[in-house]
Amino acid sequence: MYRFLLTPRWLGYLALALVAAAVMVLLGNWQLDRYRARTAVNEQIDAGARMTPVPVTDALAAPAGGRGTAGPAPAEAVNWTKVTATGRYDTDNLVLVRGRTVDNSVGFEVLTPLVLADGSAVLVDRGWIPPAPGGAIAQPTVPATPGGEVTVVGRVHPGESGGAVDRRDGRLETRRIDVSRLAGELPYPVRGAYVLLDEQTPAADPTFKAIPIGHTNNWQNFGYVIQWWIFAGMTLIGYGWAARREARGRAGLNRPQPPVDRAAEPAPPAPA
């Protein structure tokens, strides 16, 4: 009854179904890897929020070069680590990062180099402020930077790639926080990642809004895993359904039945 499955046409259908199902299973496995990676990032973020701060010099390696160079980027396991650092803010080299959104409003993140005792610096993201009236890229009025010794506590954030760095009205501006490019504009070596500020002594100006640390949407990837695996199963089930339908057709079981002539049937007996 199913010998037709050995014909070239049906063997081709089988090969196509198996290849399609295999590709869908691989896509599901790829999304599963992404789900696991994003879950690990979320766990790092949560662990960083709970941990006791460690010195930034322990988390971020010192730059090996001289002025204008950046140290090595930290390993992924170091990202989101809570660190503390003490130094002096360099107000002459404040960095405005334009086009950044917080609470659905576009404005600027303010980075200020914190120069450490060893002469290197770490970029500290002090928070978000709105632009000046006149548009989303109008330079804002930046709250005063504390003078003297400052102690910060924050989370290690990996640098971003790309984005030109220029000076506008005497201030460094960029669209992306590329630590290597920013280091090239500064008169000292810079650690290889920046720090999202949580706390500062003396206290930070309340004008700044803290940069939220969002968790990755790992459950979306898990949904894709289920979706691709279901599609793979449906592909094989569809092949089986088509084969059964063909077999029934060859056996004459799919022929339409003639309509029943109800008028020719004897009438039911009349009630007594």
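Student: Between which two strands is the loop where Asp103 lies?

Tutor: Asp103 lies in the loop between strand 3 and strand 4. Before going further, note that this is a predicted model, in which local features need pLDDT of at least 70 and side-chain atom pairs count only at pLDDT 80 or more, while totals for chains, interfaces and linings use all residues. Residues are numbered from 1 along each chain as its sequence is written, and side-chain values use heavy atoms, with hydrogens and water left out. Strands (E, at least two residues) and helices (H or I, at least four) are DSSP runs, numbered from the N terminus.

The backbone of this loop deserves a look. Asp103 is a residue other than glycine, and its phi is positive, near 50°. Asn104 is also placed in the loop between strand 3 and strand 4. Its phi is positive too, at about 65°, although Asn104 is not a glycine. Asp103 counts as exposed because its relative accessibility is 58%, and Asn104 counts as exposed with 77%. The scale used here calls a residue buried under 20% relative accessible area, exposed over 50%, and partly exposed in between (1.4 Å probe, protein chains only).

Next come the charged side chains. Glu109 and Arg100 form a salt bridge, with 3.0 Å between the closest N and O atoms. A salt bridge here is a side-chain nitrogen of Lys or Arg within 4 Å of a carboxyl oxygen of Asp or Glu. Glu109 is buried, since its relative accessible area is 6%. Arg100 counts as buried at 10% relative accessibility.

Strand 3 (residues 95-102) also holds Arg98, which pairs with Glu173 in strand 8 (residues 171-174). Glu173 is buried at 1% relative accessible area, whereas Arg98, with 22%, is partly exposed.

Another salt bridge joins Arg191 to Asp118, and its closest N and O atoms are 2.6 Å apart. Asp118 sits in the loop between strand 4 (105-115) and strand 5 (121-129), and Arg191 in the loop between helix 3 (179-183) and strand 9 (194-201). This pair links distant parts of the chain as well, 73 residues apart. Arg191 has a relative accessible area of 2%, so Arg191 is buried. Salt bridges that share partners also join Arg100, Glu109, Glu160 and Arg176 into one network. By the rule above, the count of salt bridges comes to eleven.

Thr201 and Pro202 are joined by a cis peptide bond, with omega about 0°. Pro202 is in the loop between strand 9 and helix 4 (218-250). Arg155 belongs to strand 6 (residues 149-157) and counts as buried because its relative accessibility is 12%. Leaving aside residues up to four places away in sequence, the residues that Arg155 touches include Ile45, Trp80, Lys82, Tyr194, Asp198 and Ile213; contact means heavy atoms within 4.5 Å.
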